[in-house]
Amino acid sequence: MAFRNQILRKANSKALYAFSRPPFSTSFSSISSVSSAATDAADPKPLLPPFDYEPKPYKGPLADEIFQKRKKFLGPSLFHYYQKPLNIVEGKMQYLFDENGRRYLDAFAGIVTVSCGHCHPDVLAAVNEQNKLLQHATTIYLHHAIADFAEALAEKMPGNLKVVYFVNSGTEANELAMLMARLYSGNLGMIALRNAYHGGSSNTIGLTALNTWKYPIPQGEIHHVVNPDPYRGVFGPDASSYVKDVQDHIDYGTSGRVAGFIAETIQGVGGAVELAPGYLKLVYDIVRNAGGVCIADEVQTGFGRTGSHYWGFETQGVIPDIVTMAKGIGNGLPLGAVVTTPEIASTMAQKIQFNTFGGNPVCSAGGLAVLRVIDKERRQAHCADVGSHLLERLRALQEKYEIIGDVRGRGLMVGVELVTDRKGKNPAKTETAVLFEKLRELGVLVGKGGLHGNVFRIKPPMCFTKNDADFLVDALDYAISKL
């Protein structure tokens with residue numbers, strides 16, 4: 001508590017100073033510069049790794065003007081990172097550049113969306129070439145791009161997951177998966193995990209189980225079971241105890257029959273929480289016995305990001321009935337997909353199922369290029385190698401600082417949870433906010449997650465290197481040391 005109060009006093013005094021200090025005189029400014037230089041020399045800040053790229057000069061509107069226009073014309077529900085929002089104008093691989101040409105290490109990948117790297121030349125070439133020929137025609141006509149992409153994606157799937165539906169986002173993918181589950185099973189009840197995020201539409205809000213993302217509207221036949229969180233969960237890493245809660249929900253909260261179960265293998269928005277080992281295998285058996293299908297939400301964990309496996313669900317030794325994906329599938333393109341079995345897909349044929357933009361030629365060409373880049377550059381193995389190094393260094397930092405309660409994840413899907421005390425695991429919300437700003441000042445952009453926003457989400461583009469990992473950890477070390 002004393003540590004926390006000290007942080008609060010420092011944060012408040014800095015804010016007060018920022019608003020109350022008088023204009024600098026020339027002599028004071030000179031003294032301040034000398035003092036600052038001396039301090040920097042004695043206590044050097046971590047430096048970004050070298051990067052052989054020069055951003056183009058930016059001549060567009062500046063941050064303040066854009067921010068005012070955004071507040072005037074865009075919805076008030078939009079949020080932004082940082083007290084002074086960044087105007088990001090260019091990206092190259094794992095780095096971003098602001099309006100002044102300053103380079104930042106992007107450790108959040110556009111919310112886990114940029115897989116190959118910002119403006120990867122192979123993806124750009126595929127998209128630009130297709131743009132010159134045909135941008136849009138829909139699936140009422142034939143085009144090779146969507147068929148080629150579907151074939152390549154189906155080849156990445158295990159078992160009989162061979163039928164592909166293309167959509168434009170993860171939310172759309174989960175909407176369609178839920179529709180499939182209900183039609184195929186003939187049941188309505190869906191089971192999801194607490195702390196999950198599956199989208200923000202009127203239906204997927206029901207699946208989502210974080211109050212910060214939920215509006216007070218009817219959820220409709222959705223049951224949220226206890227989250228199998230090894231760090232914060234009531235049963236620790238004991239999968240069997242969490243599974244009993246699922247069986248209890250089916251026995252006491254439904255007719256005994258359900259439509260399906262959906263889960264992320266590593267919860268993204270919820271703070272990089274990896275499910276207790278063996279959990280999905282046990283739950284899938286229970287759900288299938290109750291007439292339901294099993295859905296794996298791979299929107300964030302797919303395409304080799306976990307390092308150990310191409311798909312997150314493979315870490316639990318299961319094969320789902322339906323898999324949803326988005327984000328990394330397009331490296332920033334508006335693209336999502338649902339992959340299922342021919343048997344489940346046949347239920348959709350009783351009516352017309354159509355998506356105007358899903359699988360359009362440009363996105364399909366880009367998506368196929370993404371799959372090829374991930375294979376050609378061996379990004380899954382790269383994530384395993386760099387991710388292991390990153391986790392090792394972060395766990396060493398955890399030994400140094402009590403504020404780091406947990407370091408978790410796989411590959412380049414990592415979470416660092418900050419707490420005010422390790423025993424009580426109280427979320428260090430204020431300290432996280434201070435460190436978040438300090439990391440930006442040092443040139444590192446991370447995400448935040450968890451119900452209380454006290455988890456740093458480290459999920460960079462998959463071209464992120466060991467040098468980048470070292471810089472990130474050194475920056476976090478430096479920032480914490482200044483608390």
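Biologist: Which residue's side chain is joined to that of asparagine 227 by a polar contact of 2.9 Å?
Modeller: This is a predicted model, with residues numbered from 1 along each chain as its sequence is written, and side-chain values use heavy atoms, without hydrogens or water. Local features need pLDDT of at least 70 and side-chain atom pairs pLDDT 80 or more, while totals for chains, interfaces and linings use all residues. At 2.9 Å, the side-chain partner of asparagine 227 is glutamine 267.

Biologist: Is asparagine 227 buried or exposed?
Modeller: Asparagine 227 sits in the loop between strand 6 (222–225) and helix 9 (239–253) (DSSP runs numbered from the N terminus: helices H or I, at least four residues; strands E, at least two). Leaving out residues up to four places away in sequence, asparagine 227 touches Leu193, Arg194, Asn195, Gly233, Tyr242, Gln267, Val273 and Leu275 (heavy atoms within 4.5 Å). Its relative accessible area is 9%. The cut-offs are under 20% for buried, over 50% for exposed and partly exposed in between, with a 1.4 Å probe on protein chains only, so asparagine 227 is buried.

Biologist: What is the relative accessible area of tyrosine 58?
Modeller: Tyrosine 58 also lies in a loop, between helix 2 (26–42) and helix 3 (63–73). Beyond four places in sequence, tyrosine 58 is in contact with Ile66, Asn87, Val89 and Glu99. Tyrosine 58 is partly exposed, because its relative accessible area is 29%.

Biologist: Which residue has its backbone oxygen 2.7 Å from a polar side-chain atom of tyrosine 58?
Modeller: Isoleucine 480 is 422 residues from tyrosine 58 along the chain, and their C-alpha atoms are separated by 33 Å. At 2.7 Å from a polar atom of the tyrosine 58 side chain lies the backbone oxygen of proline 61.

Biologist: What is the bridge partner of leucine 96 in strand 3?
Modeller: Strand 2 (residues 95–98) and strand 3 (residues 103–106) run antiparallel. Three bridges join them. In strand 3, leucine 96 is partnered by tyrosine 104.

Note on methods:
Polar contact = N/O pair within 3.5 Å; in protein donor to acceptor, adjacent residues only side chain to side chain. Pairing = 2+ DSSP bridges.
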